[in-house]
Amino acid sequence: MSIQSMPPLLSLRDLAIDFPARGPGTQGVRPAVTSIGFDIPEGGFVALVGESGSGKSLTALSLLGLLPPGARRLSGTAIFENEDIFRLEAAPLRALRGSRIGMIFQEPMTSLNPVLTVGSQIAEVLYLHLGLPRRAAQSRTVELLDAVRINDPRRIANAYPHELSGGMRQRVMIAMAIACHPRLLIADEPTTALDVTIQAQILELIDSLRAELSMAVLLITHDLDIVAQWADRAVIARAGQVVEALDASRLFTHAQAPYTRALLAASPRQGKVRHYTDGPLTELPAIMGEA
C-alpha cells in the first residue's frame, strides 16, 4: 500500500545527534546521527531499519526527549500535530510522552518496575495523564490487558513482571503504551528475544491496534522480512543517515541503495541465513563499500 498521498502526522527533518568521545585521552565528540528524516502519515506503519549503531533507537528516543546522558541533539525539526517536539519545554514534553506518543521499549523486563504489579504500573499512566481516580484506573487497566489479548486480565493485573513470560511482559508494555490512545506508537525492537510464533502474535497485535485506535506506528527493527510483511514504508538508515526510503511492498524488488541490497542479501528470504541479530553485519557482500 502506498502512503505517499496521506498527510503526515510526524515530519522529521535533518536530525543530528552526537556523543562525547570516549576513551583515555580522547577529546571532542562522536557523531551518532548525522542526517535522519522521514514522514509518518496519519494511521501509517513506517519501519526505520538498520544494523546496530545506525542511529535508529536514538532517533526514536529523541522524539520523546529521552536521549541518554551525554547525547546532544545538534539540529533537526520534528513537526507533530503542527508543533515542533524539539522546541517543547519540559512540562509539555512530559505531557506528550505516554499520552499523544506512546513507546514500547526494547526489553520489557528492564522497562517494568520489578517491585510493582503490572496493573499498578499501567494504572499510574492513567492517573498521571488522564487523572483517573484509583478505582476507575484499575477498571481501565483490566480493559487494557484484555485489549492486548491477555487471558484472565484481572489475575495478571496483580502479577509482578518476573511472574510473566517474555511475550506476556511485552503485551503489558503494549497495554501501557496505548493506555491514553496515542496518535503515534513507537515500537523499538518489540519482538527482541521472543520466539518466532510469539513475534508474529505481537506484530499482529500492534497492527490490529493501529487500525482499532486509528494511530500511526513507527517500528524500529533490523529485520527486513518483518518490514516487508507488516509495514507500509521502509526507511533504511546506515551510520546515522537515511540511505533509502521506499514502499515496503517494493523493498525486495526495487531497492536501489547498495547498503539496502546488502541487507537484503543477508535476509532469510534470500536463503542466506535463517536469522541474524541486531549487531554489526560482518559478512555482507562487497557492495557494502559502495554506499
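Tutor: The protein exposes about 13,800 Å². Carbon and sulfur atoms supply 51% of that area. Accessible areas come from the Shrake-Rupley method with a 1.4 Å probe, and for residues only the protein chains shown count as cover. This is a predicted model: local features need pLDDT of at least 70, side-chain atom pairs count only at pLDDT 80 or more, and totals for chains, interfaces and linings use all residues. Residues are numbered from 1 along each chain as its sequence is written, and side-chain values use heavy atoms, with hydrogens and water left out.

The protein has eleven helices and ten strands. These are DSSP runs numbered from the N terminus (helices: H or I, at least four residues; strands: E, at least two). Of the 291 residues, 51% count as buried. Buried means under 20% relative accessible area, exposed over 50%, and partly exposed in between (1.4 Å probe, protein chains only). Take contacts between residues at least 6 apart in sequence: 68% of them join residues at least 24 apart. A contact here means heavy atoms within 4.5 Å.

Now Glu81. Glu81 sits in the loop between β4 (72-80) and β5 (83-84). Glu81 is partly exposed, at 28% relative accessible area. Setting aside neighbours within four places in sequence, the contacts of Glu81 are Leu9, Arg100 and Arg183. Leu10 is 71 residues from Glu81 along the chain, yet their C-alpha atoms are separated by 6.9 Å. The side chains of Glu81 and Arg183 make a polar contact at 2.5 Å. A polar contact is a pair of N or O atoms within 3.5 Å; within protein, one must be able to donate a hydrogen and the other to accept it, and residues adjacent in sequence count only if both atoms are side-chain atoms.

Next, the charged pairs. A search of the whole structure finds 13 salt bridges. A salt bridge is a side-chain nitrogen of Lys or Arg within 4 Å of a carboxyl oxygen of Asp or Glu. One of them joins the side chains of Asp18 and Arg72 (2.8 Å, N to O). Asp18 belongs to strand β1 (residues 8-20) and Arg72 to strand β4, so this pair ties together parts 54 residues apart in sequence. Asp18 is buried at 4% relative accessibility, whereas Arg72 is partly exposed at 43%.

Arg100 and Glu83 form another side-chain salt bridge (2.8 Å, N to O). Arg100 is in the loop between α2 (90-96) and β6 (101-104), and Glu83 is in strand β5, so the pair ties together parts 17 residues apart in sequence. Arg100 is partly exposed at 27%. Glu83 is partly exposed too, at 30%.

Helix α8 (residues 196-213) holds a further pair, Asp207 and Arg210. Their closest N and O atoms are 2.9 Å apart in a salt bridge. They lie three residues apart, about one turn of the helix. Both Asp207 and Arg210 are buried. Back at Glu81, salt bridges that share partners join Glu42, Glu81, Glu83, Arg100 and Arg183 into one network.

More on α8. The helix has 18 residues and reaches 26 Å from its first C-alpha to its last, close to the expected 26 Å. That expected span is 1.5 Å times one less than the number of residues. At the start of α8, a side-chain oxygen of Asp195 comes to within 3.1 Å of the backbone nitrogen of Thr197. Just after α8, Ser214 takes a positive phi of about 55°. The buried residues of α8 include Ile202, Leu203, Leu205 and Ile206.

Helix α1 (residues 56-63) is mostly covered, with seven of its eight residues buried. Among them are Lys56, Leu58 and Thr59.

Last, the nonpolar cores. A nonpolar core is a set of buried Ala, Val, Leu, Ile, Met, Phe, Trp, Tyr and Cys residues joined through side-chain atoms within 4.5 Å. The largest one has 54 residues, and Ile174 and Leu251 have the most contacts inside it. Helix α7 (residues 166-177) gives the largest share of this core, six residues. A second, separate core has 35 residues, including Leu48, Leu93, Ile101 and Ile220. Beyond its neighbours within four places in sequence, Leu251 is in contact with residues including Leu224, Val227, Ile236 and Leu264.
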